[in-house]
Amino acid sequence: MSDVPRDIPAPTEQMIAALIPAPLPRSRPSRPPLPRLPAPRTLADPAEPQLDVSRLDPSGRISTRPLLRLLHWTPGHRLRFDAFEHTITATSSRTGTAISASGLLAIPVAVRHLGRLATGDTVVLLADPAHDLLVIHPARIVARLLTDRLGGADAS
């Protein structure tokens, strides 16, 4: 057995200050400034353009009742659709596609193909009451445009 008496405490480790370097001061990385947002308003101005998001159903319809009300487009109202690249526009027309009785906006298949929309696509809609206009963009294109815009802001 051991000849060490049991009532003597075991030695504890002690750090030698000369061997431990002092911690370096670290500054927090600077955060980019946030963009200035306009002051919040309690009610939206009905004359200003408004946004909505919807999803294209298998029949080529989208639900955007708030924007249709803003444009004063009721069921039965007839629309003319135009498409250019990824942009679809709808304006009032004497002839053309009518808004359904349930208030859904049916985009004709030819226009969907020209606007490169497929079933299930999420779309961003912009209603401009001053011009009696509804603009429809695929959300993926809007996201890409915003990403490019934000990426370009860092480079300048």
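This is a predicted model: local features need pLDDT of at least 70, side-chain atom pairs count only at pLDDT 80 or more; totals for chains, interfaces and linings use all residues.
Me: Why is His72 called exposed?
Reply: Exposed means over 50% relative accessible area, buried means under 20%, and partly exposed is in between (1.4 Å probe, protein chains only). His72 comes out at 67% relative accessibility, so it counts as exposed. His72 sits in the loop between α1 (65-70) and β3, and its phi is near 60°, a positive value in a residue other than glycine.

Me: And why is Glu85 called partly exposed?
Reply: Glu85 has 49% relative accessibility, so it counts as partly exposed. Glu85 lies in the loop between β3 and β4, and its phi, near 50°, is positive although the residue is not glycine.

Me: What makes β3 and β4 a pair?
Reply: Two strands pair if DSSP finds at least two bridges between them; strands here are DSSP E runs of at least two residues and helices are H or I runs of at least four, numbered from the N terminus. β3 and β4 have six bridges, in the antiparallel sense. Asp82 stands opposite Thr89 in β4. The two strands form a hairpin with two residues between them.

Me: How do you know that β3 and β5 pair?
Reply: DSSP has to find at least two bridges, and β3 (residues 78-84) and β5 have two, again antiparallel. Arg78 stands opposite Ala98 in β5.

Me: What makes β1 and β5 edge strands?
Reply: The open sheet of six strands runs β1-β7-β8-β4-β3-β5, with antiparallel pairing. β1 (50-55) and β5 (97-98) each pair on one side only. Further in, β4 (residues 87-92) and β8 (residues 133-138) pair over four bridges, with Ala90 opposite Leu134 in β8.

Me: Which residues touch the most other members of the largest nonpolar core?
Reply: Such a core is a set of buried Ala, Val, Leu, Ile, Met, Phe, Trp, Tyr and Cys residues joined through side-chain atoms within 4.5 Å. The largest has 21 residues, and those with the most partners include Ile62, Trp73 and Phe81. α1, β3, β4, β7 (122-128) and β8 each supply at least two residues of this core.

Me: What is Ile62 in contact with, beyond its neighbours within four places in sequence?
Reply: Contact means heavy atoms within 4.5 Å, and the partners of Ile62 include Leu56, Leu105, Val123 and Ile136.

Note on methods. Residues are numbered from 1 along each chain as its sequence is written. Side-chain values use heavy atoms; hydrogens and water are left out.
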